[in-house]
Structures are given as C-alpha cells and as structure tokens.
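The following exercises are to be worked through with the sequence and the structure in view. Each task is followed by a solution in steps.

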Amino acid sequence: MNQDQEHLRLLSIFHYAVGGLTALAACFPCIHLFLGIALVSGAFPVQPGDQAPPPIVGWMFISIASVLILAGWTLAIAIFVAGRFLARRTHYMYCFVVAVIECLFMPLGTILGVFTIIVLIRPSVKALFQPSVA
C-alpha cells in the first residue's frame with residue numbers, strides 16, 4: 001500500500017475517534033441545561049425568607065447550554081463526515097476546511113487537524129482526490 005494511502009486511512013480512523021470524543025465532550029453542557037430547566041420549573045426549594053432566582057437565570061443556562069451542545073454535535077458530525085470522505089478520497093476542500101476548524105478542539109483536534117493539513121497539502125495526496133477518468 002502506498003504511504004499516502006496509508007496516511008489517509010489512518011487519518012480517517014483518527015477522525016472517527018476524535019469525532020466520538022467531540023460528541024462526548026459536547027454532552028457536558030447537558031448538566032447546565034438540566035440545571036436551567038430545574039431553575040425555570042422551580043424544582044429547587046426556597047427557604048422561608050429567601051428569594052428564588054429570577055427565571056432569566058434559568059433561561060440563560062438553557063440557551064447557552066443548548067447552543068454549546070448543538071455546536072459540539074455539529075462539529076462532531078462534520079468530523080465524522082470528513083473521516084468518511086478521507087476514506088473515500090472525495091471532497092478534498094471539505095476535508096481541508098474541517099481540518100482547519102478542528103484545530104480549535106484542543107489538544108486532540110489540534111494535533112489531528114495539523115497532521116491532516118500536512119498530509120492534504122502534498123501534491124501526491126491531492127492527485128488521489130482527483131476523479132478517475134475511466
């Protein structure tokens with residue numbers, strides 16, 4: 001097997017792994033989401049003489065957590081798709097853009113993104129992504 005093909009195969013596998021870790025990490029704001037729902041619904045008992053927090057606090061928890069969860073799961077799906085495209089050697093520009101974006105997910109995404117960029121800028125790898133004329 002060609003070295004470039006082997007690198008693309010490994011990058012594809014690592015994209016699946018980092019995509020899974022990204023999806024798992026995106027679940028952590030669920031704690032804040034449930035806390036916000038509890039604040040809004042009044043699930044926390046209020047001591048006599050104390051005042052319950054205003055509902056806006058709960059809604060802030062809900063909205064920020066929802067945005068973070070949605071963004072994390074979207075990034076995870078994008079990384080999974082990039083792994084699939086790397087395995088099929090299609091959608092070169094999509095794989096490159098996802099590699100740049102996943103550099104934000106430190107430290108594993110940064111490492112994987114940099115290695116993916118290094119492999120994808122090789123002319124021999126770019127040739128593997130060209131549609132075959134048959």
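**Exercise 1.** Which residues are buried in helix 3? Describe also the length of helix 3 and its surroundings.

*Solution.* The model is a predicted one.

Step 1. Helix 3 consists of 34 residues, and the distance from its first C-alpha to its last is 49 Å, close to the 50 Å expected at 1.5 Å a residue.

Step 2. A residue counts as buried under 20% relative accessible area. In helix 3 this applies to Gly-58, Ile-62, Ala-65, Ile-69, Gly-72, Ala-76, Ala-78, Ile-79, Ala-82, Gly-83, Phe-85 and Leu-86.

Step 3. The cover over these buried residues includes helix 1, helix 2 (30–41), helix 4 and helix 5.

Step 4. Arg-89 follows helix 3 and has a positive phi, near 60°.

**Exercise 2.** Determine which residues of helix 5 are buried and what covers them.

*Solution.* 

Step 1. Helix 5 spans residues 108–120; its 13 residues reach 18 Å from the first C-alpha to the last, close to the 18 Å expected at 1.5 Å a residue.

Step 2. Its buried residues are Gly-109, Leu-112, Gly-113, Thr-116, Val-119 and Leu-120. Because they cover an arc of only 130° around the axis, they lie on the same side of helix 5.

Step 3. Among the elements that cover them are helix 1 (3–25), helix 3 (55–88), helix 4 (92–101) and helix 6 (123–128).

**Exercise 3.** Is His-15 buried or exposed, and which residues does it touch?

*Solution.* 

Step 1. His-15 is located in helix 1.

Step 2. The relative accessible area of His-15 is 0%, so this residue is buried.

Step 3. Leaving aside residues up to four places away in sequence, His-15 touches Ile-79, Ala-82, Gly-83, Leu-86, Glu-102, Leu-112 and Thr-116.

**Exercise 4.** How many aromatic pairs does the whole structure contain? Classify two of them by geometry.

*Solution.* 

Step 1. The search of the whole structure gives four aromatic pairs.

Step 2. One of them joins Phe-85 and Tyr-94, with 5.4 Å centre to centre and 80° between the planes, an edge-to-face arrangement. Phe-85 is buried at 17% relative accessible area, whereas Tyr-94 is partly exposed at 31%.

Step 3. Tyr-92 and Phe-96 have ring centres 6.4 Å apart and planes at 20°; the pair is therefore stacked. Both residues lie in helix 4, four residues apart, about one turn of the helix.

Step 4. Tyr-92 is buried, with a relative accessible area of 18%, and Phe-96 is partly exposed at 23%. Together with Phe-129, Tyr-92 and Phe-96 form one aromatic cluster.

Notes: Residues are numbered from 1 along each chain as its sequence is written. This is a predicted model: local features need pLDDT of at least 70, side-chain atom pairs count only at pLDDT 80 or more; totals for chains, interfaces and linings use all residues. Side-chain values use heavy atoms; hydrogens and water are left out. Helices (H or I, at least four residues) and strands (E, at least two) are DSSP runs, numbered from the N terminus. The expected span of a helix is 1.5 Å times one less than its number of residues. Buried means under 20% relative accessible area, exposed over 50%, partly exposed in between (1.4 Å probe, protein chains only). The arc is that of the directions from the helix axis to the C-beta atoms. Contact means heavy atoms within 4.5 Å. Rings of Phe, Tyr and Trp (its six-membered ring) pair if their centres lie within 6.5 Å; planes under 30 degrees apart count as stacked, over 60 as edge-to-face and the rest as tilted.
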